[in-house]
Amino acid sequence: MKQLVQTFLTIFVVAFALMFLTSYLNSSQGYSGGNTLTVYNWGDYIDPELLSQFEKETGIKVIYQTFDSNEAMMTKIGQGGTTFDVAVPSEYAISKMKEEDLLLPLDHSKLPNLKNIDSRFMNLSFDPNNVYSVPYFWGTVGIIFNPDLVGNLKFESWNDLWDKSLRNQILLVDGAREVMGFGLNSMGYSLNDTNEDHLQQAKAKLNTLTPNVKAIVGDEIKMLLANEEAAVGVVWSGDAAEIMDANDKLDYIVPKEGSNLWFDNMVIPKTAKNIEGAHAFINFMLDPEHAAKNTEYVGYATPNKEALALLPKDISEDKRFYPDPEVTSKLEVYDNLGKKMLAHYNELFLEFKMHRK
Ligand code: SPD
């Protein structure tokens with residue numbers, strides 16, 4: 001009898017451990033079993049209350065996972081074995097994912113709230129007619145600085161970052177395109193340049209910035225700058241807005257040589273399991289009130305014109321974060337440079353990072 005109880009107990013423990021392991025592996029691979037939806041988004045890029053509201057209204061449980069670069073997201077989805085239902089790539093990543101046949105066409109009849117998006121952000125070259133993607137947030141890359149900590153330095157150029165007074169004072173966003181991009185822009189080259197000489201010159205110039213670079217960091221850049229642990233940052237505009245919300249001494253500029261204009265968009269990866277739920281989620285995020293709430297929480301610029309109208313004027317009329325089309329038309333959107341060249345940008349960025357060690 002004792003033997004029988006022991007056997008039952010062993011079977012029970014093994015079965016329970018297997019169930020736990022399967023569920024852990026499934027959720028880490030984005031498996032959306034049952035009435036669940038797996039969303040794969042940038043870190044710090046959604047108001048969590050909206051996730052709870054969506055769950056309550058639809059009865060769909062959201063499994064939420066984050067990434068910190070387009071490259072990491074594309075590698076994870078591209079290598080297979082995942083079943084993310086919604087992802088949020090930037091424009092050049094969308095071109096690449098389309099090329100690699102990783103995306104599902106959207107059913108626009110299930111996205112009535114798409115009408116709320118400003119036509120300026122629709123039908124862009126990386127996805128004509130928005131067959132695969134709908135706008136989420138947009139912005140620029142620029143310099144945030146703390147006037148109290150930079151003396152008389154007036155920021156207007158990427159080259160101001162090289163000022164000797166900024167020793168160990170600069171934080172950089174951890175992005176290969178962003179860092180290589182401003183290196184190239186600072187020399188008058190395009191941030192989509194593929195000329196090997198220009199790329200090597202940009203990397204050599206970035207290496208000379210090393211004494212001024214305190215760290216290359218992810219989302220913690222916001223806390224470090226708001227707490228005045230560094231004087232200057234190269235950041236995405238929405239992060240600057242959030243930092244300035246916490247510490248209004250700081251200011252943000254887009255350098256005169258030019259910079260990056262980017263668009264993050266919601267897509268449904270081809271391996272999605274809950275396609276109906278994915279459309280419901282995208283449509284929910286396009287609702288003006290939800291988009292406005294998300295914008296206030298996240299700090300990035302919304303492409304949703306109805307949401308924009310609901311926002312306080314000090315947000316919607318701030319030209320630093322909602323630059324006019326005359327300004328944005330001078331900025332460059334990242335091109336999909338192809339697998340090999342994107343890998344080369346990553347390599348050069350890595351070499352720059354190693355040079356600091
Ligand atoms: N913390 C969320 C940051 C998302 C920024 N996306 C910018 C993409 C630029 N290519």
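**Talking through a loop, a ligand and a strand**

Trainee: Where in the chain is the place of D127?
Mentor: D127 sits in the loop between α4 and β4, where helices (H or I, at least four residues) and strands (E, at least two) are DSSP runs numbered from the N terminus. Please keep in mind that this is a predicted model, in which local features need pLDDT of at least 70 and side-chain atom pairs count only at pLDDT 80 or more, while totals for chains, interfaces and linings use all residues. Residues are numbered from 1 along each chain as its sequence is written, and side-chain values use heavy atoms, with hydrogens and water left out.

Trainee: OK, so is D127 buried or exposed?
Mentor: D127 counts as buried because its relative accessibility is 2%; buried means under 20% relative accessible area, exposed over 50%, and partly exposed in between, using a 1.4 Å probe and protein chains only.

Trainee: And what is D127 in contact with?
Mentor: If we leave aside its neighbours within four places in sequence, D127 is in contact with K98, Y132 and S133, contact meaning heavy atoms within 4.5 Å.

Trainee: Going back to α4, which of its residues are buried?
Mentor: They are E91, Y92, A93, I94, S95, K96 and M97. That makes seven of the nine residues, so α4 is largely enclosed by the rest of the structure. The cover over these buried residues includes α3 (70-78), β4, α5 (176-186), β9 and α14 (339-355).

Trainee: Which residue follows α4?
Mentor: D101 follows α4, and its phi is positive, near 60°.

Trainee: Changing topic, which residues come nearest the ligand?
Mentor: Of the 13 residues around the ligand, G43, S90, D219, D264 and Y300 come nearest, and a residue is near a molecule or strand if one of its heavy atoms lies within 4 Å of it.

Trainee: How many Å is S90 from a nitrogen atom of the ligand?
Mentor: A polar side-chain atom of S90 lies 3.3 Å from a ligand nitrogen, a polar contact being a pair of N or O atoms within 3.5 Å; within protein, one must be able to donate a hydrogen and the other to accept it, and residues adjacent in sequence count only if both atoms are side-chain atoms. For D219, a polar side-chain atom is 3.1 Å from a ligand nitrogen, while for G43 a backbone N or O atom lies 2.8 Å from a nitrogen atom of the ligand. Taken alone the ligand exposes 340 Å², and the protein buries 99% of that; accessible areas come from the Shrake-Rupley method with a 1.4 Å probe, and for residues only the protein chains shown count as cover.

Trainee: Where does S90 itself sit?
Mentor: S90 is in the loop between β3 (86-87) and α4 (91-99), and at 5% relative accessibility it counts as buried. Apart from neighbours within four places in sequence, S90 is in contact with W42, N70, F263, D264 and N265.

Trainee: Last one: why is strand β7 largely enclosed?
Mentor: Strand β7 (residues 232-236) is largely enclosed by the rest of the structure because five of its five residues are buried.

Trainee: Which way does β4 pair with β7?
Mentor: Strand β4 (residues 133-145) pairs with β7 in the antiparallel sense over five bridges, and two strands pair if DSSP finds at least two bridges between them. In that pairing, G142 stands opposite V235 in β7. Strand β5 (residues 170-173) runs parallel to β7 and is joined to it by three bridges, with I170 standing opposite V232.
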